[in-house]
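Colleague: I would like to understand the labels used for this model. Please take me through them.
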Amino acid sequence: MDLALLPTVRTLAAKASDVIEDIEDVDTSNSDLVGDTNAQMNDIDRNAPNEHDAVS
């Protein structure tokens with residue numbers, strides 16, 4: 001390997017590491033959003049009138 005390329009390789013490796021961290025942050029955010037959405041849907045289900053409760 002050409003040692004002149006070593007600084008470029010290090011820079012690219014550092015940028016790749018930053019990109020991986022960003023992807024992990026987005027993945028965590030998406031997981032949080034899914035959890036929030038599921039919790040909201042469960043609240044809606046609990047508060048929704050049951051068809052057996054309907055007045056005929």
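Modeller: Start with exposure. Buried means under 20% relative accessible area, exposed means over 50%, and partly exposed lies in between (1.4 Å probe, protein chains only). This is a predicted model: local features need pLDDT of at least 70, side-chain atom pairs count only at pLDDT 80 or more, and totals for chains, interfaces and linings use all residues. Residues are numbered from 1 along each chain as its sequence is written, and side-chain values use heavy atoms, with hydrogens and water left out.

Colleague: Why is Asp43 called partly exposed?

Modeller: Asp43 has 35% relative accessibility, so it counts as partly exposed.

Colleague: And why does Arg46 count as exposed?

Modeller: Its relative accessibility is 60%, so Arg46 counts as exposed.

Colleague: What makes Arg46 and Asp43 a salt bridge?

Modeller: The rule asks for a side-chain nitrogen of Lys or Arg within 4 Å of a carboxyl oxygen of Asp or Glu. The side chains of Arg46 and Asp43 meet at 2.3 Å, N to O. The count by this rule is one salt bridge.

Colleague: Where do Arg46 and Asp43 lie?

Modeller: Both are in helix H1, three residues apart, about one turn of the helix. A helix here is a DSSP run of H or I, at least four residues; a strand is a run of E, at least two; both are numbered from the N terminus.

Colleague: Why is Glu21 called partly exposed?

Modeller: Glu21 has 44% relative accessibility, so partly exposed is the label. Glu21 lies in helix H1, residues 6-47.

Colleague: How much of the protein chain is buried?

Modeller: Buried residues make up 0% of its 56 residues.
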